Amino acid sequence: MACEQWRGKLDLYSDGELAPADEAALRAHLNSCAACAVDVLDRVQLKRSVHAAGKRYEPSARLRAQIAKTVAKTNAKKAPSANVWGSRIIFLPAAVMLIFALALNFYVGRGYAGRERAARQHVYSELADLHVATLASATPVDVISSDKHTVKPWFQGKIPFTFNLPELPGSEFSLLGGRVTYLEQTPGAQLIYQVRKHEISVFIFPEPALPMPSLLAGPVNALSFNTESWTQNGLRYFVLGDASADDIRALSKLLRDAG
Amino acid sequence: MRVSEDRPSASSFEDLAMPLFDQLYNFARWLTQDTAEAEDLVQETYAKALRGFGSFQQGTNFRAWMYRILRNSFLSSRAGLKIVVPLDEEENENILPAESTTPESILIGEANREMVQHALAELPIHFREILLLCEVEEMSYQEISATLGIPAGTVMSRLSRARKALRGLLQQNLEGGRHGV
């Protein structure tokens with residue numbers, strides 16, 4: 001009879017999830033019931049086997065370094081130091097921006113405008129995620145080439161549109177390669193450019209497939225990244241990276257001129 | 001907008017998240033069954049967690065939060081994949097009664113590490129993930145409930161069924177090996 005009472009709770013006991021009073025009572029039962037004691041031992045044995053077997057995979061040192069670098073890099077961007085907050089030169093523009101944002105919020109209102117901002121922020125957050133995840137990846141680009149005549153044809157058959165890329169000789173920018181990416185379930189192209197050790201992502205998507213395209217234009221500051229966005233020939237371009245706003249603008253101009 | 005001082009700081013993200021790196025990778029590798037995919041999944045998890053850390057509620061379980069991000073990212077990356085659990089399996093929230101010890105269960109005790117790993121990999125994903133969270137990550141039922149987004153009662157019943165399924169596979173493999181000799 002006692003066994004029947006406890007049989008359904010042996011897993012809870014083995015997992016350390018039984019209430020203290022029940023645990024003490026079950027322990028007393030186990031001292032007098034060999035069958036239940038063996039059953040518990042059996043369960044504990046299986047737990048130990050799974051515990052040992054489950055610790056199977058170890059990450060590579062390379063992956064660890066990449067993640068640590070990403071985290072540290074973001075910390076450096078986000079964590080304000082005492083000097084920065086103490087500097088009025090830095091703080092003043094931020095305060096002006098804050099007042100401007102509050103005033104804008106007051107005049108525009110909170111309803112529809114708030115939802116528009118949230119949607120816009122969502123798109124840029126997704127792009128920032130894609131950019132960070134791509135750079136942290138072991139294989140940031142699927143086609144590795146600095147030659148636009150190699151990169152552009154590689155996308156044929158992989159995305160439902162084509163685009164033009166600029167000639168770069170004489171500029172500070174270099175093309176590292178590209179990959180297929182997705183935004184809101186829309187396939188597009190992601191190109192990685194470099195300028196003075198800063199990587200910049202250029203995303204290209206067919207505009208009609210994107211949500212609320214009119215909200216996406218213009219430069220914004222997304223999670224410390226500088227961005228630029230415009231529409232050309234039915235395609236929506238996003239340029240995003242930790243390079244300076246001037247570099248982002250310069251690369252955007254090269255892409256616009258090529259398109 | 002005022003930034004509250006008790007909001008989690010970016011520097012504390014590193015302190016909280018980096019110690020979880022090895023175990024998150026192990027879990028990702030078990031889920032994906034592929035090294036490159038697991039690496040991408042862990043990277044995506046950290047990128048998303050970094051972005052969302054400002055909205056992470058202090059005082060709630062950070063580990064469960066990270067695992068939930070990883071699991072959701074995994075489900076998103078496998079377009080269309082949902083961890084489907086047969087309804088009848090979750091309807092009965094009672095834990096299955098213990099089964100008496102049999103010669104087979106003694107044999108299971110003799111199963112080596114490789115056999116258990118093989119059986120774990122063979123398990124349906126909803127059984128594999130809950131066993132890993134409970135036995136490898138040593139999460140409480142409450143943590144598992146928060147990670148998987150299921151009630152604590154379902155955690156108990158699913159765990160019980162997962163163990164039963166694992167035993168079944170181990171017995172099957174052991175018997176297969178025995179007959180093969």
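# Notebook: chains A and B

I began at the end of H9 of chain B, where H9(B) is followed by B:Gly149, a residue with a positive phi near 70°. The model I consulted is a predicted one. Within H9(B), residues 141-148, I looked up burial and noted that B:Tyr141, B:Ile144, B:Ala146, B:Thr147 and B:Leu148 are buried.

**Entry: chain B as a whole**

I listed the secondary structure of chain B and recorded ten helices and zero strands. Read from the N terminus, the order of elements is accordingly α-α-α-α-α-α-α-α-α-α. I then looked up burial over the chain: of its 181 residues, 39% are buried. For the contacts of chain B I took pairs at least 6 apart in sequence, and 72% of these join residues at least 24 apart.

**Entry: H2 and H4 of chain B**

I next examined the pair formed by H2(B), residues 21-32, and H4(B), residues 62-77; their axes are 11 Å apart and the packing angle is about 25°. Angles under 35 degrees count as roughly parallel, and the two helices are therefore roughly parallel to each other. The crossing of H2(B) past H4(B) is right-handed.

I wrote down the residues that meet. H2(B) contributes B:Leu24, B:Phe27, B:Ala28, B:Leu31 and B:Thr32, while H4(B) contributes B:Met66, B:Tyr67, B:Leu70 and B:Phe74. By class, this contact comprises eight nonpolar residues, one polar residue and no charged residue.

**Entry: the contact between the chains**

I turned to the two chains together and found 45 residues of chain A in contact with 46 residues of chain B. On the chain A side, at least two residues each come from H2 (10-14), H4 (34-54), H5 (61-78) and H8 (112-136). H4(A) gives the most to this side, with 13 residues. I also recorded the composition of the chain A side: 21 nonpolar, eleven polar and 13 charged residues.

**Entry: H4 of chain A against H7 of chain B**

I followed H4(A) to H7(B): their axes come within 9 Å and cross at roughly 85°. That angle makes H4(A) roughly perpendicular to H7(B). From H4(A), the residues A:Ser49, A:Val50, A:Ala52, A:Ala53 and A:Gly54 meet B:Arg113, B:Val116, B:Gln117 and B:Leu120 of H7(B). I classed the residues of this contact as five nonpolar, three polar and one charged.

I then looked up burial in H7(B), residues 113-122, and found B:Val116, B:Ala119 and B:Leu120 buried. These residues span an arc of only 100° around the axis, so they lie on the same side of H7(B). I note that B:Val116 and B:Leu120 are buried and are also among the residues of H7(B) that meet H4(A).

**Entry: A:Val141**

A:Val141 is located in the loop between H8 and strand S1 (143-144) of chain A. I counted 18 other C-beta atoms within 10 Å of A:Val141, which means that this residue is partly exposed; the cut-off for buried is 20 or more, and that for exposed is 12 or fewer.

Setting aside neighbours within four places in sequence, I found A:Val141 in contact with A:Leu176, A:Gly177, A:Gly178, A:Arg179 and A:Ile192. I also noted the separation of A:Val141 from A:Leu191: 50 residues in sequence, and 8.0 Å in space from C-alpha to C-alpha.

Key
Residues are numbered from 1 along each chain as its sequence is written. Chains are lettered from A and ligands numbered from 1 in the order in which they are written. This is a predicted model: local features need pLDDT of at least 70, side-chain atom pairs count only at pLDDT 80 or more; totals for chains, interfaces and linings use all residues. Axes are lines fitted to C-alpha atoms, for helices over the stretch in contact, and angles run from 0 to 180 degrees between N-to-C directions. Helices (H or I, at least four residues) and strands (E, at least two) are DSSP runs, numbered from the N terminus. Angles under 35 degrees count as roughly parallel, over 145 as roughly antiparallel, 65 to 115 as roughly perpendicular and the rest as oblique. A crossing is left-handed if the near helix is turned anticlockwise from the far one by less than a right angle, and right-handed if clockwise. Two residues are in contact if their C-beta atoms, placed from the backbone, lie within 7 Å. Ala, Val, Leu, Ile, Met, Phe, Trp, Tyr, Cys and Pro count as nonpolar, Asp, Glu, Lys and Arg as charged, and the others, Gly among them, as polar. The arc is that of the directions from the helix axis to the C-beta atoms.
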